[in-house]
Amino acid sequence: MFVNRTEELAGLRDAALALAADPEPGVVMVVGVTGVGETQLVAQAVRRELTRLFADGQLYVDLEDHRRDGAVDLAAVLGGFLRALGVHKDYVPGGLAERTALFRSVAGPLRLLVKVDNVQHAPEARALVPPQGLLVVTGRRALPSLLMDGAVLIDVAPLDEAAGTELVRRWCADADEGTAADVVRLCAGHPLALRAAVEWLAARSQLTLDDVVRDLTAGRYGTGDDGAREAMGVAMGASGGSRTGARGGPRSIRSCWGRPSISG
């Protein structure tokens with residue numbers, strides 16, 4: 001489910017259009033706190049707009065899959081990129097410098113869209129900029145040195161009350177608008193926390209959204225950002241609920257989270 005990101009989608013589209021017209025590669029940095037939906041925003045932009053701008057191919061990586069003790073194995077990332085671009089594994093060199101050079105050579109004639117999640121440091125992003133095309137990175141905070149390099153910043157804030165209420169009522173169609181708005185306020189507008197709260201409810205069919213509001217208000221899961229994290233913990237079974245014995249299985253809830261695939 002995806003709601004009310006019109007402004008952010010337009011900003012990402014406009015930045016991509018402007019950068020695509022430039023012969024030099026461009027960088028867009030999409031930032032937001034955990035669970036706010038920056039990855040889904042980019043996935044939507046890729047599906048709706050960006051694919052047609054970069055028809056030579058797309059590359060994707062989540063750097064958390066390659067991060068050990070805080071450092072990213074960029075050689076492994078570039079090895080994956082090279083194989084996605086058609087380089088046989090036997091011809092992928094071992095060192096970072098050699099892989100970087102080969103990546104620039106193979107990708108040189110192509111206008112690529114490179115999507116990288118969970119960037120923490122500017123050098124991680126710089127190493128993955130394609131010779132042509134666009135690099136879109138997501139992360140938890142803006143990186144000033146990338147902005148100084150000319151990166152365009154898209155800041156993804158938590159959902160406002162109207163958008164959050166719409167999201168809750170799509171998941172829970174019989175929810176009262178005021179009650180749904182209370183859940184949004186208590187979860188600080190974080191989409192992941194809202195989903196967690198509704199999934200917790202879906203597994204307890206004898207309860208209603210009013211029960212969620214009552215527990216949140218009473219501090220059962222906390223409030224604000226801390227409450228968002230605790231609500232997610234409850235939904236994932238990290239802590240037990242005060243009410244158990246749900247009748248039957250959870251109701252079906254359509255997920256609004258996804259990610260673009262790798263294509264070469």
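User: Which residues of helix 7 are called buried in this structure?

Analyst: In this predicted model, the buried residues of helix 7 are A163, G164, T165, L167, V168 and W171. Buried means a relative accessible area under 20%, so each of these six names falls below that cut-off.

User: What do the buried residues of helix 7 pack against?

Analyst: They pack against three other helices: helix 8, helix 9 and helix 10.

User: What covers helix 10, and which of its residues are buried?

Analyst: The buried residues there are L209, D211, V212, V213, D215 and L216. Their cover includes helix 7 (161-171), helix 8 and helix 9 (191-202).

User: How do you know how helix 8 and helix 10 are placed against each other?

Analyst: Two packed helices are described by the angle between their axes and by the distance between the axes. For helix 8 (residues 177-186) and helix 10 (residues 209-217), the angle is about 35° and the axes are 9 Å apart. The crossing of these two helices is left-handed. On the side of helix 8 the contact is made by T179, A180, D182, V183 and L186, and on the side of helix 10 by L209, D210, V212, V213, L216 and T217. These contact residues divide into seven nonpolar, two polar and two charged.

User: Why is strand 5 described as largely enclosed?

Analyst: Six of the six residues of strand 5 (residues 112-117) are buried, so the rest of the structure largely encloses this strand.

User: What makes both faces of strand 5 count as covered?

Analyst: In a regular strand the side chains alternate between the two faces of the sheet. In strand 5, one side carries L112, V114 and V116 and the other carries L113, K115 and D117, and all of them are buried.

User: Which strands pair with strand 5, and in what sense?

Analyst: Strand 2 (residues 58-62) pairs with strand 5 in the parallel sense over five bridges. Strand 6 (residues 133-139) and strand 5 also pair in the parallel sense, over five bridges.

User: What is the order of the strands in the open sheet, and which are called edge strands?

Analyst: The open sheet has five strands in the order 2-5-6-1-7, with parallel pairing. Strand 2 and strand 7 (152-155) are the edge strands, as each pairs on one side only. Neighbouring strands of the sheet are turned by 15° against each other on average, direction ignored. Helix 3 packs on the sheet, touching strand 2 and strand 5, and its direction makes about 150° with that of strand 2.

User: Which residues have the most contacts inside the largest nonpolar core?

Analyst: The largest nonpolar core has 30 residues, and those with the most contacts inside it are L63, F81, F103, V116, L128 and L135. Elements that each supply at least two of its residues include strand 1 (26-31), helix 3 (74-84), helix 4 (96-107) and strand 5. The largest share, five residues, comes from helix 3. Apart from this core lies another, of 23 residues, among them L159, C172, A193 and L207.

User: What is F103 in contact with, leaving aside its neighbours within four places in sequence?

Analyst: The contacts of F103 include L59, L78, F81, L82, L128 and P130.

User: How many helices and strands does the protein chain have, and what share of its residues is buried?

Analyst: The chain has 11 helices and seven strands. Of its 264 residues, 48% count as buried. Among contacts with a separation of 6 or more, 68% are between residues 24 or more positions apart.

Terms used. Residues are numbered from 1 along each chain as its sequence is written. This is a predicted model: local features need pLDDT of at least 70, side-chain atom pairs count only at pLDDT 80 or more; totals for chains, interfaces and linings use all residues. Side-chain values use heavy atoms; hydrogens and water are left out. Axes are lines fitted to C-alpha atoms, for helices over the stretch in contact, and angles run from 0 to 180 degrees between N-to-C directions. Helices (H or I, at least four residues) and strands (E, at least two) are DSSP runs, numbered from the N terminus. A crossing is left-handed if the near helix is turned anticlockwise from the far one by less than a right angle, and right-handed if clockwise. Contact means heavy atoms within 4.5 Å. Ala, Val, Leu, Ile, Met, Phe, Trp, Tyr, Cys and Pro count as nonpolar, Asp, Glu, Lys and Arg as charged, and the others, Gly among them, as polar. Buried means under 20% relative accessible area, exposed over 50%, partly exposed in between (1.4 Å probe, protein chains only). Two strands pair if DSSP finds at least two bridges between them. A nonpolar core is a set of buried Ala, Val, Leu, Ile, Met, Phe, Trp, Tyr and Cys residues joined through side-chain atoms within 4.5 Å.
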